[in-house]
Amino acid sequence: MAISNSGWRRYLWSCGLLIVPILVWNLVFPSFLPPAFAPDEFWREIPPFVGYGENILRFAVLLLPFLMPLEVTTDMQRRGLQLFVVGAILYLMAWCALMLFPQSAWSTSWAGFLAPAYTPLIWLIGLGMVGRRLYWNWPYRWWLFEMLACCFIAFHVAHTGIVYRRNY
């Protein structure tokens, strides 16, 4: 499952294709989440270190997949794709629980409220396993993406944890 390495078209068949549905989901459905996730409330009184760290790492983690060819030719890449799919499903289920049952014991618990913040780690690890290289020869190793993803999730969970403490 590889595409020609000629011209700009190669960037169309990148690992970024895998995250497009998640990005669309994140743009379409946030208004259905509980009020604590509304932008004004979610970003209220977040320490600058947490906010900047989270956003800088978010940018890197969401940009890099568009610079990685989508190739599923090795066993590790196949396992990574499977992990990505499982993680994406868990992530969407975490959102659905909050949207459909916002007052449930799960949604008001720490684990449930923070689930959309920590479940992306699963699909991001899978994505890193699929995206083993960049389109050009830079000193890049797939585990660099995994490190960035883990740091992003740490900031994202810290941010969401602050919001949880403030609201529950």
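This is a predicted model: local features need pLDDT of at least 70, side-chain atom pairs count only at pLDDT 80 or more; totals for chains, interfaces and linings use all residues.
Residues are numbered from 1 along each chain as its sequence is written, and side-chain values use heavy atoms, without hydrogens or water. Local features need pLDDT of at least 70 and side-chain atom pairs count only at pLDDT 80 or more, whereas totals for chains, interfaces and linings use all residues.

View 1. The volume of the largest pocket is about 650 Å³. A pocket is an open set of points on a 1 Å grid over the protein atoms alone, where a 1.4 Å probe fits, with protein on both sides within 12 Å along at least five of seven lines; lining residues have an atom within 4 Å of a point. The volume is the space filled by probe spheres set on the points, which are joined across faces, edges and corners. Among the 26 lining residues, Asn 26, Arg 58, Tyr 91, Trp 95 and His 156 are the closest to the pocket centre. The lining comprises 21 nonpolar, three polar and two charged residues.

**View 2. Thr 160 in helix H7.** Thr 160 lies in helix H7, a DSSP run (H or I, at least four residues). Thr 160 has a relative accessible area of 2% and is therefore buried (under 20% relative accessible area, 1.4 Å probe, protein chains only). Beyond its neighbours within four places in sequence, Thr 160 contacts Phe 37, Phe 42, Phe 113, Leu 114 and Ala 117 (heavy atoms within 4.5 Å).

**View 3. The buried residues of helix H1.** Gly 16, Leu 18, Ile 19, Ile 22 and Trp 25 of H1 are buried. The buried residues of H1 pack against H3, H4 and H6.

Note on methods:
Ala, Val, Leu, Ile, Met, Phe, Trp, Tyr, Cys and Pro count as nonpolar, Asp, Glu, Lys and Arg as charged, and the others, Gly among them, as polar. Helices (H or I, at least four residues) and strands (E, at least two) are DSSP runs, numbered from the N terminus. Buried means under 20% relative accessible area, exposed over 50%, partly exposed in between (1.4 Å probe, protein chains only).
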